[in-house]
Amino acid sequence: MARFEAMTSVDGKRAAVALSGECDLSAREECTAALMTAVGAAPQVVVDLGGLTFLDSSGVHALVTAYRAATEKGGRLSVVNAGGMVAHVLDITGVGGLLQPQDGGRDG
């Protein structure tokens, strides 16, 4: 498996981004680009973090940047399937609550 991979699909008004591997400083640009492309393509963006094994502040920053861009356009970005260390990072930074799906669920 690649160290980091972002796969995006768009279906009408919804974009899905699946992140896998390690999202750290070396993946910052690729992660941010994938998220911002999804935000530009659809008003609702769901980011699946189930394949991530590591997330640091660079990845958190990319998520928050894309969230802000989505909300500025009247859209929404949320994350699903965060587990283990990734969920812990989102929780201790407060970003997990910010990026919860609108129904309040943790998985989509």
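Predicted model: local features only at pLDDT ≥ 70, side-chain atom pairs only at ≥ 80, totals over all residues.
Good morning. Leaving aside neighbours within four places in sequence, Leu90 is in contact with Leu49, Leu55, Leu63, Val79, Ala82, Val95 and Gly96.

Where does Leu90 sit? Its place is in helix α3, which covers residues 84-93. Is Leu90 buried or exposed? Leu90 has a relative accessible area of 2%, so the residue is buried. One further pair deserves mention here. Leu90 and Ser57 are 33 residues apart in sequence, and their C-alpha atoms lie 9.7 Å apart in space.

The loop between β4, residues 76-80, and α3 contains Asn81. Asn81 is partly exposed, with a relative accessible area of 33%. What is the phi of Asn81? The value is near 65 degrees, which is positive, although the residue is not a glycine. As background, most residues other than glycine have a negative phi.

I turn now to the pair of helices α1 and α2. Helix α1 spans residues 28-41, and it packs against α2 at an angle of about 20 degrees, with the two axes 9 Å apart. Because angles under 35 degrees count as roughly parallel, α1 is roughly parallel to α2. The crossing of these two helices is right-handed.

Which residues make the contact? From α1 come Arg28, Cys31, Thr32, Leu35, Met36 and Val39, while α2 contributes Ser58, Ala62, Leu63, Thr65, Ala66, Ala69 and Ala70. Sorted by class, this contact has 9 nonpolar, 3 polar and 1 charged residues. Leu63 of α2 is part of this contact, and Leu63 is also among the residues that Leu90 touches.

Ser58 is found in helix α2, residues 57-72. With a relative accessible area of 10%, Ser58 is buried, since buried means under 20%. Arg28 lies in helix α1 and is partly exposed, its relative accessible area being 37%. How far apart are the C-alpha atoms of Arg28 and Ser58? They are separated by 5.8 Å, though the two residues are 30 apart along the chain.

Not counting residues up to four places away in sequence, Ser58 touches Asp24, Leu25 and Arg28. Asp24 belongs to the loop between β2, residues 14-23, and α1. Asp24 is buried, with a relative accessible area of 9%. Apart from its neighbours within four places in sequence, Asp24 is in contact with Arg3, Phe54, Asp56 and Ser58.

Finally, I come to the cysteines. How many disulfides does a search of the whole structure find? The search finds 0. Cys23 is in no disulfide, and the nearest cysteine sulfur, which belongs to Cys31, is 3.7 Å away.

Thank you for your attention.

Terms used
Residues numbered from 1 in each chain as written. Heavy atoms only, no water. Helix = DSSP H or I, 4+ residues; strand = E, 2+ residues; numbered from the N terminus. Buried < 20%, exposed > 50% of the residue type's maximum accessible area, 1.4 Å probe, protein only. Contact = heavy atoms within 4.5 Å. Disulfide = S-S within 2.5 Å. Axes fitted to C-alpha atoms, helices over the stretch in contact; angles between N-to-C directions. Parallel < 35°, antiparallel > 145°, perpendicular 65-115°, else oblique. Left-handed = near helix turned anticlockwise from the far one by under 90°. Nonpolar A, V, L, I, M, F, W, Y, C, P; charged D, E, K, R; others polar.
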